[in-house]
Amino acid sequence: MIFTQLNPGACRTYLIGDEKSKDAVLVDAVLEHVPDYLRILDQQKLTLTHVIDTHTHADHISGGAALKDQTGCEYVMHANAPARCVTLRLTDGFECALGNTPVKVMSTPGHTQDSVALVLPDRILTGDVLFLDDAGAGRTDLPGGDPGEHWDSMQRILGLPTHLVVYPAHEYRHRQPSSLKDQKARNPNLQPRTRQEYMDYLEGLKLGPADWMTEVLKANYACARDPKAAWIPVDVPACEVKGTLALGANDQKVEGLSVDDLKQRIAAGTPPVLLDVRNPEELLGPLGQLPKALNIPVGDLAKRLAELEPFKNGEIVTICKAGGRAHTAAQILMQAGFQNVRGLLGGMTAWKQAAL
Ligand SMILES: [Fe+2]
């Protein structure tokens with residue numbers, strides 16, 4: 001079997017070919033690289049029979065429509081894919097073969113409604129439903145995303161043979177493909193959690209979609225053949241859960257403050273600036289809110305830093321429901337030059353549990 005990754009950047013396009021028949025398949029082709037793919041296929045005397053998208057992409061324009069036009073190959077996606085130019089629509093369990101290599105399609109919604117993974121005897125092409133190591137998995141807050149369905153998909157992947165090597169549709173930091181066994185140990189999205197715990201975990205991380213990604217989705221729904229059909233920033237880790245963070249923010253190490261310590265500071269009359277990063281409607285919920293806390297939802301924080309400028313050299317404590325978004329918010333502030341930021345450990349949930 002021929003198996004090659006063709007792209008120079010973070011988007012991964014896999015060429016799978018059969019040496020004997022010279023039939024070949026491209027998985028997650030990127031429109032701007034289509035001329036390169038055609039040249040490679042020609043050089044290797046391969047015939048492109050199918051181009052497959054593992055899901056509707058939000059971070060690049062698919063080369064599927066253009067390759068179908070230019071080679072007459074089938075354009076393959078899950079049955080739920082909105083793009084009308086798709087010629088072959090698959091559902092869960094579909095089996096086929098490329099030469100002697102069997103390929104099984106597994107429906108893996110969560111990042112999008114139309115996500116599939118391709119399972120081969122020794123590897124799994126996961127699309128954006130699972131990335132490598134600390135990259136975790138694709139975000140679930142784009143149109144069609146669903147954290148609960150993503151948990152369901154993770155369980156299905158956890159049920160596969162552990163020797164399968166994971167080849168994702170994105171790799172932003174040169175992590176190397178490794179087995180599901182390795183990923184079970186290293187990937188935060190594969191750690192044991194109940195469905196609700198998993199949904200809470202993702203909720204705690206999420207930042208809201210980048211506006212440009214919905215434009216890219218629309219271009220792919222419309223089977224765009226023009227690489228300029230939507231504006232796309234170069235190689236930002238947009239499909240990762242924290243993909244809209246400023247460069248370097250994800251590497252900021254955040255210190256936490258316990259609810260007891262915060263209580264003491266408030267009682268002593270020397271409270272830090274309190275920044276609640278939950279959505280406004282959550283502040284009215286049963287967990288309540290702390291007196292005098294400012295409120296900027298984590299998804300808006302990067303755009304509203306000017307409001308916090310007076311506190312840039314002061315002490316800020318970020319607060320959310322359980323600590324996840326507060327951690328992200330602290331990273332955003334630290335990356336923007338705020339000197340003294342900590343996240344409230346356990347968030348308002350811990351505050352309430354401590355009966356404070
Ligand atoms: Fe994606």
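Reply: Lys292 is exposed, with 9 other C-beta atoms within 10 Å. Here, exposed means 12 or fewer such atoms, buried means 20 or more, and partly exposed lies in between; C-beta atoms are placed from the backbone. This is a predicted model: local features need pLDDT of at least 70, side-chain atom pairs count only at pLDDT 80 or more, and totals for chains, interfaces and linings use all residues. Residues are numbered from 1 along each chain as its sequence is written.

Lys292 has a positive phi of about 65° without being a glycine. Most residues other than glycine have a negative phi. Lys292 sits in the loop between helix H8 (280-283) and strand S14 (294-295). Helices (H or I, at least four residues) and strands (E, at least two) are DSSP runs, numbered from the N terminus.

Cys223 also has a positive phi, about 55°. Its loop runs between helix H6 (211-221) and strand S12 (255-257). Cys223 is buried, with 20 other C-beta atoms within 10 Å.

Now strand S10 (residues 123-127). Five of its five residues are buried, so the rest of the structure largely encloses S10. Arg123, Leu125 and Gly127 point one way; Ile124 and Thr126 point the other.

S10 pairs with S9 (residues 116-119), antiparallel, over two bridges; pairing needs at least two DSSP bridges. A hairpin of three residues joins S9 to S10. Leu118 stands opposite Leu125.

S10 also pairs with S11 (residues 165-168), parallel, over four bridges. There, Leu125 has Tyr167 as its bridge partner. From S10 the chain crosses through helix H3 (residues 147-158) to S11, in a right-handed β-α-β crossover. Right-handed means that, with the strands pointing away from the viewer, the path from the first strand over the helix to the second runs clockwise.
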